[in-house]
Amino acid sequence: MFATGLPQIGEAYFTAASMMIGITSGIQIFCWLATMWTGRLRLTTATHFVFGFIFIFVAGGLTGLMLASIPLDLQSHDTYFVVAHLHYVLIGGALFPLFGGFHFWFPKFTGRMIDERLGKISFWLLFVGFNTTFFPMHLLGLHGMTRRIYTYSPELGWGNANLTATIGAFTIAIGGIVFIANVLRSRRSGPIAGADPWDAATLEWAAASPPRPYNFALLPTVTSGAPMWTPPEDRGVVTGMRPDRREVLVTTLTEAQPTQRMVLPGPTPWPFLAAFGFTIGLYGSVFAFSWHYIAAALGMIGLIGWFWPRRPLEIEP
Ligand code: HEM
Ligand code: HEM
């Protein structure tokens with residue numbers, strides 16, 4: 001953005017806006033830290049990935065703030081400094097949390113525990129490999145190594161840092177292989193997890209592991225942010241719903257007091273016809289205008305059937 005030749009007022013605006021992202025990101029990070037500070041931490045593989053995520057993501061945010069300053073960005077735009085930044089935020093902010101979530105919910109969706117020892121080995125390989133790969137790119141970028149070029153002359157002196165990054169990338173690959181092996185092995189022969197192996201607070205741990213297609217036979221009522229830690233005498237289930245049709249309980253917005261039962265529509269082919277008509281009609285219209293008519297006709301038939309007033313949506317107190 002800054003290197004496109006915007007007028008100065010536009011650049012100043014984008015600098016201010018980019019710097020402001022740092023404030024919201026900072027608040028986010030302090031919220032995560034506060035959550036962990038006030039909890040009782042167990043150093044599971046999932047927690048390792050959370051720490052890795054915060055460490056890497058903060059480093060990426062800091063280089064983001066550096067890039068938000070026009071003079072620095074004009075120098076470092078299109079260099080490996082940007083490639084380092086984007087991998088710190090993307091891999092730190094998206095991939096590490098995904099790995100953490102995967103290890104945390106693995107027992108829920110497979111019914112078996114994932115091996116913690118292999119999990120931690122894969123974490124350390126990924127974490128060390130990640131920093132070995134992408135940290136040198138900051139320095140390469142500051143030395144002027146441009147991005148999107150497939151090779152560079154040896155005289156430029158970037159060989160050692162690039163070799164380090166390559167070794168790091170292979171370390172990441174080994175971490176990935178250990179992770180996949182752990183998943184395959186634990187899915188087959190990990191210890192049976194049970195519904196709530198972590199003694200976790202949230203409702204998904206009330207369901208069986210893996211959950212039944214209907215999740216809960218009786219909908220639980222929730223009275224706190226940590227429903228699984230609510231004393232059993234304060235827990236309840238929703239009663240009085242008819243089992244022979246799709247009923248949901250409507251509640252007040254803030255207090256969740258039940259107000260009425262609402263009957264939802266049952267299975268119907270009409271939305272499918274609408275989606276099918278619009279999809280093939282609009283795709284065809286890329287090639288010939290007349291497909292617009294087909295889209296309109298098929299799609300509208302679907303929509304009309306879908307919204308045809310068969311019976312009023314029943315609402316019962
Ligand atoms: C403190 C927050 C952040 C700031 C101030 C920031 C700022 C910047 C700036 C100024 C650039 C352009 C560098 C250049 O090409 O000259 C950039 C590139 C980039 N940023 Fe960030 N960033 C932040 C966080 C993030 C996050 C959270 C993500 C994604 C998860 C992200 C993803 C990217 C990507 C993918 C690019 C490079 C796009 C490309 O050219 O291929 N950034 N960032
Ligand atoms: C082992 C893991 C990875 C390695 C070794 C790696 C390496 C690289 C390298 C060397 C570049 C620069 C290419 C160039 O400028 O010539 C690049 C670009 C990029 N990478 Fe990665 N990457 C990895 C994983 C990821 C992941 C997981 C994401 C996204 C979540 C990602 C997103 C990007 C993006 C958006 C670019 C910029 C593409 C462009 O310049 O057009 N990378 N990567």
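Guide: Let's begin with ligand 1: helix 4 gives the most to the shell around it, with 6 residues. Keep in mind that this is a predicted model.

Visitor: What makes a residue part of the shell around ligand 1?

Guide: The test is a C-beta atom, placed from the backbone, within 6 Å of the molecule. For ligand 1, 18 residues surround it, and the closest are Gly64, Leu67, His77, Leu86 and Val89. Helix 1 (8-37), helix 2 (45-67) and helix 4 each give two or more residues to this shell.

Visitor: How do the residues of that shell divide into nonpolar, polar and charged?

Guide: There are 9 nonpolar, 8 polar and 1 charged.

Visitor: Which residues are around ligand 2?

Guide: They are Val83, Leu86, His87, Leu90, Ile91, Ala94, Leu95, Thr133, Arg147, Arg148, Ala169 and Ile172. Helix 4 (80-110) and helix 6 (159-189) each give two or more of them, and the largest share, 7 residues, comes from helix 4.

Visitor: How do you know how the chain's radius of gyration compares with that of a compact globule?

Guide: A compact globule of 317 residues would have a radius of gyration near 20 Å, whereas the chain has 27 Å. The chain is therefore above the globule value. Its C-alpha atoms fill a box of roughly 75 × 60 × 40 Å along the principal axes.

Visitor: What share of the chain counts as buried?

Guide: Buried calls for 20 or more other C-beta atoms within 10 Å of a residue's own, and 19% of the 317 residues count as such.

Visitor: What makes the largest nonpolar core a core?

Guide: Its members are buried nonpolar residues joined through C-beta atoms within 7 Å. The largest such core has 21 residues, and Phe49, Phe53, Ile56, Tyr80, Ala84, Phe96 and Phe130 touch the most other members. Helix 2, helix 4 and helix 5 (116-142) each supply at least two residues of this core.

Visitor: Which residues does Ala84 touch, leaving out those up to four places away in sequence?

Guide: Ala84 touches Thr63, Phe134, Met137, His138 and Gly141.

Methods:
Residues are numbered from 1 along each chain as its sequence is written. Chains are lettered from A and ligands numbered from 1 in the order in which they are written. This is a predicted model: local features need pLDDT of at least 70, side-chain atom pairs count only at pLDDT 80 or more; totals for chains, interfaces and linings use all residues. Helices (H or I, at least four residues) and strands (E, at least two) are DSSP runs, numbered from the N terminus. Ala, Val, Leu, Ile, Met, Phe, Trp, Tyr, Cys and Pro count as nonpolar, Asp, Glu, Lys and Arg as charged, and the others, Gly among them, as polar. The radius of gyration is taken over C-alpha atoms; the globule rule is 2.2 Å times the number of residues to the power 0.38. A residue is buried if 20 or more other C-beta atoms lie within 10 Å of its own, exposed if 12 or fewer, and partly exposed in between; C-beta atoms are placed from the backbone. Two residues are in contact if their C-beta atoms, placed from the backbone, lie within 7 Å.
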